[in-house]
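Please open the model in your viewer and keep the selection panel at hand.

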Amino acid sequence: MKNETIYILAIESSCDDTSAAVLSNKKVLSNITATQKIHEEYGGVVPELASRAHQQNIVPVVHQALNKANIDKKQLSAIAFTRGPGLMGSLLVGTSFAKSLSLGLNIPLIEVNHMQAHILAHFIEGQQDGAPEFPFLAMTISGGHTQIVLVKDFFDMEILGETLDDAVGEAFDKSAKILGLPYPGGPLVDKYAQEGNPKAFPFPKPKVEGLNFSFSGLKTSILYFIQRETAKNPDFVQENLKDICASIQKTIIHILMDKLKKAVEETGITQIAIGGGVSANSGIRNALKMAEKNRGWQTFIPRFEYCTDNAAMIGVVGYLKYQQHKFSEQDISAKARYMLSQKKL
Ligand code: KG4
Ligand code: ZN
């Protein structure tokens, strides 16, 4: 048993990405993701369309993952799947598929919390920064989540702070929409920001107690600012796009870094691991590098394919749970609201 190789097929379908991965222990053999383009037309994820697209994508995506890994279904040790949190209609597709396959192949089923997986993605083999040691602080920043988590062990995590309204990725995307940029606008704001002056337009930072975040006020102040300026000059956005993006990005990064610094002060922990799609942002990457130099932090950023929603991160949690025989029963159901600190993860 000790030297046995465990093959996990993992499935992620919590939002708008249908993803399947095959892992041999903590090593990723394949990680295939079908990104749903349909939502671009609507400027955000449409839940009904997302679940329908998952239904269409899931079989081909799983086939591709098995083929690329060169693994036959019969070799699989277990099926891991995202139980929640996420969109119910989307979660149901992955959950039902995983349950049926585990029943058909007569192998264990392993439920995974999506937020826990974003954090444990750092334990996938072959990350450039290596894996953090316990205890560490994790900051999960994406289109759906913004959390600072104290990670005491693989299955012992405590949320220290989270957003009270919009997620940070939403703040990027909604600001981009105000500027007339297509969805998802985060990467575009980042692109223009890199050539702009971050001090051009000061935006107010919210005053939020403790380690929680709030981004909806920033969005409103950007909206009013743009409305005011375009009333004076209809070409204001076009003429100042880079400076506006740089100013927005600077404000968002300040908000994130202020809370991280506070979390470090409160816990005395200086190992910081980030995850989620916004980890791709050049501003947060630079700020973390500076903090390594100036504050003596040790920072961890997963490879980009493991930052955005992906099944490989579900697979590594599946492997860790398999080792501890944390298996699920066949009557398990998807959970749209699934708290990270809920016991028995
Ligand atoms: O993790 P992810 O793929 O999906 C969610 O779980 O939400 O994150 C997507 C989010 C989007 O809001 C997108 O705009 C943002 O991550 N994002 C970025 C960058 N790349 C992706 N935001 C700012 N700068 C980037 N470079
Ligand atoms: Zn996510």
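Begin by selecting strand β2, residues 17-24, where seven of the eight residues are buried. A residue is called buried if 20 or more other C-beta atoms lie within 10 Å of its own, exposed if 12 or fewer, and partly exposed in between, with C-beta atoms placed from the backbone. Helices (H or I, at least four residues) and strands (E, at least two) are DSSP runs, numbered from the N terminus. Before going further, note that this is a predicted model, in which local features need pLDDT of at least 70 and side-chain atom pairs count only at pLDDT 80 or more, while totals for chains, interfaces and linings use all residues. Residues are numbered from 1 along each chain as its sequence is written, and chains are lettered from A and ligands numbered from 1 in the order in which they are written.

**The neighbours of β2**

Isoleucine 8 has leucine 23 of β2 as its bridge partner. Four residues lie between β1 and β2 in the hairpin that they form.

Next, select strand β3, residues 27-35, which runs antiparallel to β2 and is joined to it by eight bridges. Here serine 19 is bridged to threonine 33 of β3. The hairpin of β2 and β3 has two residues between the strands, and asparagine 25 takes a positive phi near 55 degrees in it.

**The two domains**

Colour domain 1 (7-121 + 306-323) and domain 2 (132-301) separately; these bounds come from an automatic or database domain assignment. Their C-alpha centres lie 27 Å apart. Across the boundary, 13 residues of domain 1 are in contact with 18 residues of domain 2, contact being defined as C-beta atoms, placed from the backbone, within 7 Å. On the side of domain 1 that touches domain 2, helix α3 gives the largest share, five residues.

**The annotated positions**

Which residues does UniProt list for "binding site"? The unreviewed entry lists His114, His118 and Asp309; such annotations may be inferred rather than shown by experiment, and the positions are given here in the numbering of this model. They are spread over 196 residues of sequence, yet they cluster in space, with a largest C-alpha distance of 8.8 Å.

Select histidine 118, in helix α3 (residues 114-120). Histidine 118 is buried because 34 other C-beta atoms lie within 10 Å. Beyond its neighbours within four places in sequence, histidine 118 is in contact with Thr140, Gly275, Gly276 and Met313.

Then move to aspartate 309, in the loop between β10 (298-300) and α9 (312-323). Aspartate 309 also counts as buried, with 26 C-beta neighbours inside 10 Å. Outside four places in sequence, its contacts are Glu12, Ser14, Cys15, Asp17 and Ser19.

**Ligand 1**

Finally, display the 18 residues around ligand 1, of which Gly143, Gly169, Gly186, Gly277 and Thr308 come nearest; a residue is near a molecule if its C-beta atom, placed from the backbone, lies within 6 Å of it. The elements giving two or more residues to this shell are α4 (168-178) and α5 (186-193). Domain 1 and domain 2 each supply at least three residues to the shell.

Methods. Two residues are in contact if their C-beta atoms, placed from the backbone, lie within 7 Å. Two strands pair if DSSP finds at least two bridges between them.
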